[in-house]
Amino acid sequence: MNFTRGASERTKLASEKRNEMLKAYEMLSGAPFSDASDKHHDLEDIELNIDTQLLQHYIVMGVLLVVGHFTNWLTLYPQFMAPYITFAWICYQLTRIIHRYLPTSTLPLFLSFLPQLLFCFMGRQQHFGVSAIWLASIMGMSLQLASQGSTAAAMLTFFGFICVYYLSGVGANLLWANTSFVTLLTDLQYPGGVFLPCNNNATLTCDCPSGYVQDGVRLQCRLRAYSNLARDKDLATEYTEIVVFLLLSTGYYFLAQYIRDFSTTLLERQKQANNLAAMNSSLKNELRAAKPEIEMDLDSPLTKVIKMIRSIQGTANLDLDTMESLDYVVFLLSSNELYGEKVVNATDTDVTGFLNTLVNTGKNNVPKVDLTTPIPIAGKQLQSTNPRVMQALRTVDDWSFDIFNLASASEGKPLYCLGMALFDAYDFKDSLNVDPMVMMNFLARVESGYRNVTYHNSIHAADVMHALHYFIHVLGLGELLSPAEVFACFVAAAIHDVDHPGYNNAFMIASSSPLALRYNDIAVLENHHCSTGFEIMYSDPKYNVLQGFPPEQRKELRSMITSLVLATDMANHFEYIAKFKNKINGAGIDFADPKDRQLTLDIAIKCGDINNASKSLDLCTQWASLIMNEFFLQGDEERKRGLTVSMFMDRDTTIISKCQVGFIEYIVIPLYEAWDLYMNDEGNFPAMENLRSNRDYWKSCQE
């Protein structure tokens, strides 16, 4: 085996895997995935929307001049606004042309110096202030260029600004120092001149028109801004201001350099993490090739996306805002509302209520249970009047509880005996006001509804009920549940396969059975079991174990039981696993959310339904013999009817060990891995160890 595969090939494999994940994300979210390490997103290829920013910059600066004029901060002559607007518009159009053909060019920033020259000239009285505002705005765009790595462009921008500042200052000084120029501008806007005679000579005060104030030296009216217009700055002040801007520019340069280095460091770290992931993936592939073993990727695209995000969070050095944003993305992807229905809001409240009732009809209404009264897990020993049954129930808290021993001790009534023992142990009579006699009648009637088939009989139903008891009592799931929820779990386990014909859904559909026609080929048997269970319950008050509940709670319990029974349909097996793994890997299970509670219970009954492969080897092989006999009987019936014999159901060609390895490897283990990760905090749940041991046993049988 060659372990010296080139780095380029390892990178290629990792890139292909990563692209698959990105496509899955884009398919699920409807939006492209943004990744700074992508080769198409290199620093040099980032396009900045400079044209729009410059247009906003020119507009804001023009508004600033107008506001400064009306607040007497500076004197603005309308004659200068037309050239400023013209210059700004021409530069903006040139910027658009440049940006169209050279998206990353920095030339638009240098074009902005033309409007800046006029802007600084117009703000002559506040030359330093308006220049500082202009500089702050332009430097914001320059820092964006620095994030591209264009620190040279940012530095040239600083230098150009200093030059424009100096030229505008010198030009303004020369022009405003010219008395004829000042007088000309004044005459254009104020035809009366700089000085006007006082309108009231009888007093020491003058009534001056708008734009004029009384001259304190002589009794006359003087143009308000004349002193500012005629004032000239000395060279020392100008040079001081230039030094200040040089210092600011230097600070900006070092800031731009830091931003560039910081951005580059983040991207390099991300690339290194991707390279390590690629090498790790390559080594895994090589190890698998060295030891060939069947392996299937059973993670859903959504689960892969969540794991990829968690991997990025764990390996990349991300800032706090980015980490919080990724956490929020994971929360949304793992939330129950990802594909949730949209509530209709019409203008009329009656119409709104009708429409929402209409669109939600037929969907599971998740019960809103009371979280304030957790189930009091029974501390007393399970009881029975039959000594043999009592002896069989002594190990009921063990995962490898022998349900066949209970079936023998109860003379074929394991569901009734276990159900009543749990009814007493969980004290449903007092906590839920359920009549014990009604419960006995219900269990006896349901057990009699199970057919005499080899696997899907009342022994299997009792086995599923025991698994739920183990999860609730031993693993502690009951600490999070209400008594009503625990009761619903046991009722669902009791009816989940009632009246099972010994054939699977595929056979029912292929043979066009009446049940398949009734349920439109969708979860045929599961719908039938659920319907049969409730028909028994509502057929006579002596069977109705829900009659003591209030109407609203009765409706909620029926919805919960229905969801639990339908969850046993293997057609949706991987969908349930994906949803549960998404919750675990994402935002986590929130038991305050009714949908999370229902999903957890659905997974629990699914684990119970296929638990036989996770029991001790003697029980595992016994259950395997029973299910294979039922498979072979279906295969015989398919051959008799001229149908294609289903896989592993032909008694003449089927290799039982091969069937069991596949069932454990690809059906049971993925489910129990997720369940074990969530429930097995103390590490005392032997299911996973049993599964691996039993899988190895069946593999050895193939050799």
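I began at the start of α26, where a side-chain oxygen of Asp593 comes to within 3.0 Å of the backbone nitrogen of Lys595. I took a polar contact as a pair of N or O atoms within 3.5 Å, where within protein one must be able to donate a hydrogen and the other to accept it, and residues adjacent in sequence count only if both atoms are side-chain atoms. The model is predicted, so I noted that local features need pLDDT of at least 70 and side-chain atom pairs pLDDT 80 or more, while totals for chains, interfaces and linings use all residues. Residues are numbered from 1 along each chain as its sequence is written, and side-chain values use heavy atoms, with hydrogens and water left out.

**Helix α26**

I took helices (H or I, at least four residues) as DSSP runs, numbered from the N terminus. The 16 residues of α26 (residues 594-609) should span 22 Å at 1.5 Å a residue, and the end C-alpha atoms are 23 Å apart, which agrees. The expected span is 1.5 Å times one less than the number of residues. I found 14 of the 16 residues of α26 buried (under 20% relative accessible area; exposed is over 50%, partly exposed in between; 1.4 Å probe, protein chains only).

**Cysteines**

I searched the whole structure for disulfides (cysteine sulfur atoms within 2.5 Å) and found zero. Cys417 counts as buried because its relative accessibility is 15%. Cys659 is also buried, at 8%.

**Aromatic pairs**

I recorded 21 aromatic pairs, which are rings of Phe, Tyr and Trp (its six-membered ring) with centres within 6.5 Å; planes under 30 degrees apart count as stacked, over 60 as edge-to-face and the rest as tilted. The rings of Phe534 and Tyr538 have centres 6.2 Å apart and planes at 15°, so this pair is stacked. Both residues lie in helix α23 (residues 524-539), four residues apart, about one turn of the helix. Phe534 is buried at 4% relative accessible area, whereas Tyr538 is partly exposed at 41%.

I then looked up Phe580 and Trp675, whose ring centres are 6.0 Å apart with planes at 40°, so the pair is tilted. Phe580 belongs to helix α25 (residues 573-585) and Trp675 to helix α28 (residues 656-679), so the pair ties together parts 95 residues apart in sequence. Both Phe580 and Trp675 are buried. They belong to one aromatic cluster, which also includes Trp399 and Tyr470.

**Charges over rings**

I counted a charge as over a ring if NZ of Lys or CZ of Arg is within 6 Å of the ring centre and within 35 degrees of the ring normal. Arg558 lies over the face of Phe534, 4.5 Å from the ring centre. The charged end of Lys615 sits over the ring of Trp399, at 5.1 Å from its centre.

Key:
Helices (H or I, at least four residues) and strands (E, at least two) are DSSP runs, numbered from the N terminus.
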